[in-house]
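Hello,

Here is the structure I promised to pass on. Please open it alongside this note, and I will walk you through what turned up.

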Amino acid sequence: MSTRGRSAQGLWMSSGLRTLARVITVTALLAAYVALHLAITAVETRQDHDRFHDGAARATAFTALVNRYASGDPTARAEVGAARAWFEENAPPGRARATVAAATDLVGHRQGAAARERAGALAADVERDRATLDQDLRTQTQAMLWLAAVALALAGPSLRLRRRRRAATAEAVRTVGRFAERHPPWRRPLFLIASGLGYTLFVGGMFLVAKARRTDMDVPPVAVQLEMLPGGLVAIGVGFLILRYTRPRSTRNAVAALRADGRRPVLYLRSFADDRTAAQIDDGQELNIHSREEQLAAALRAFGPMIAVGRPGEPLPLLGAARFYLPLDDWKPTILRLMDLAQLIVLRVGVGEGLRWEIEQVIATQPARKLLLLTPGRVREAIDSLDGRLPVPLPLEGVATDTSWISAAVTFGPDWTPQVRAVRPVPDPEAPRGGLLRRVRTGLETIGEPSPARRTVRAMKAALAAVGVRGRMVVMRSDSNMLVTLGKGAVAIAVLVLLFRLLELAGR
């Protein structure tokens with residue numbers, strides 16, 4: 001088998017193992033989650049059953065009171081009301097409670113004979129309700145045990161597959177782990193929950209603004225529009241502020257990203273001077289809040305987790321590639337080792353002696369098809385930076401300039417023959433300026449127009465395919481950040497619901 005074939009097969013097996021592990025893990029977690037809810041419900045049913053254990057005696061006493069009233073004893077009327085209170089508090093929703101309520105109402109309307117007739121069925125209704133509670137308890141217990149058994153049965157394979165997946169990244173984790181930032185274990189879950197709230201407000205606000213601006217026949221009344229537009233703008237603004245604060249604090253570091261994914265990393269090399277442009281947010285497919293680098297990292301997750309060296313001294317990591325931080329005086333050995341461990345090296349051409357050294361080392365030590373070059377918008381900068389450093393000069397003269405970010409994606413064949421795929425120019429490279437309302441209007445008007453990041457991802461996909469490197473749904477992944485984060489928010493809400501039920505059960 002050729003080197004390309006073995007590499008593709010290894011990548012496919014790694015991706016397949018990761019998918020299998022995730023399916024098993026998600027199934028086990030869902031089974032355990034539902035089993036916990038059923039266990040809580042079964043405990044509540046048991047408590048209802050215990051509170052209703054003397055329902056038969058209470059039914060006999062209630063029927064006797066109604067008979068006394070129907071026989072002409074007016075003092076029994078008040079006692080009937082007191083007896084009803086016990087059923088309201090202790091009887092489950094069902095026949096007995098309904099019969100007691102109906103009989104009590106008839107006594108209140110001085111219809112003694114009708115009340116006696118209705119109360120006559122109370123004993124049978126109590127037995128039916130007790131039988132229903134017994135059946136519900138058996139059903140809930142059985143379902144809980146089955147789901148718990150499924151969760152336990154899948155827990156073993158899930159843990160084994162998790163360890164097997166992590167074995168592929170063990171050395172990368174050890175290499176990066178010495179430099180990754182460490183935070184308290186509660187920090188990321190807390191900020192993920194807050195991010196979920198921010199995303200809910202942001203997406204809800206976008207929906208309201210879009211609905212208020214509709215001009216078709218299904219347009220809401222003017223009064224409703226006047227409420228929806230300001231409400232939507234406020235929701236977008238509040239959601240954006242929440243996300244701006246919480247998202248950098250909830251992102252994974254490089255070690256966590258490697259452990260969570262289980263595949264060899266995608267190493268992202270660039271000049272720190274380019275971080276500002278990569279952190280820019282463009283409007284494109286929708287009103288966007290994800291940076292160019294985030295969309296790039298999402299697309300490259302088709303191949304592995306994207307990691308990068310963080311800029312020294314930055315207070316918070318930029319969103320996109322998972323960061324780790326190297327010492328300024330001893331960073332080259334770590335980068336060389338990560339080049340060997342990475343399954344793909346993405347290098348954004350730029351200025352700086354460090355980046356030039358990285359280009360030379362990739363060419364000298366790594367297979368050609370492992371490198372993906374991203375050339376800057378000003379093509380002359382790429383030509384000057386790469387002058388004499390590549391075995392074959394890049395044919396970039398015909399590439400159109402896109403001053404907003406990337407002009408071309410370049411891969412290489414086994415003999416370092418370049419495969420250049422130009423990034424289609426953006427009609428208006430300038431980001432929208434002005435306030436929030438201007439950004440909202442611009443984002444809504446550019447729906448359907450691919451952003452610079454999406455255009456870059458398309459060029460990357462074509463360049464990688466030209467040398468036989470293919471990933472699943474590369475372009476679609478670039479737009480998946482919001483869905484992923486909303487999913488995390490949904491998980492956080494589900495955990496909170498479970499905790500609320502546990503607290504509610506403890507307070508019964």
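Before the rest, a word on the source. This is a predicted model, in which local features need pLDDT of at least 70 and side-chain atom pairs count only at pLDDT 80 or more, while totals for chains, interfaces and linings use all residues. Residues are numbered from 1 along each chain as its sequence is written, and side-chain values use heavy atoms, with hydrogens and water left out.

**The chain as a whole**

The chain has 18 helices and 7 strands (DSSP runs numbered from the N terminus: helices are H or I with at least four residues, strands are E with at least two). Of its 508 residues, 45% are buried, where buried means under 20% relative accessible area, exposed over 50%, and partly exposed in between, with a 1.4 Å probe and protein chains only. Among contacts between residues at least 6 apart in sequence, 77% join residues at least 24 apart; a contact means heavy atoms within 4.5 Å.

**Around strand 6**

Strand 5 (residues 371–376) pairs with strand 6 in the antiparallel sense over 4 bridges, pairing being called when DSSP finds at least two bridges between two strands. Here Thr-375 stands opposite Ala-408. Strand 7 (residues 418–422) also runs antiparallel to strand 6, joined to it by 5 bridges. The hairpin of strands 6 and 7 has 5 residues between the strands, and Trp-416 takes a positive phi near 65° there.

**Rings**

There are 6 aromatic pairs, counted when ring centres of Phe, Tyr and Trp (its six-membered ring) lie within 6.5 Å; planes under 30 degrees apart are stacked, over 60 edge-to-face, and the rest tilted. One of them joins Phe-412 and Trp-416, a tilted pair at 5.2 Å centre to centre with 55° between the planes. Phe-412 is buried at 1% relative accessible area, and Trp-416 counts as buried at 12%. Elsewhere, ring pairs link Phe-52, Phe-62, Trp-86 and Phe-87 into a cluster.

Happy viewing, and do write back with any questions.

Best wishes
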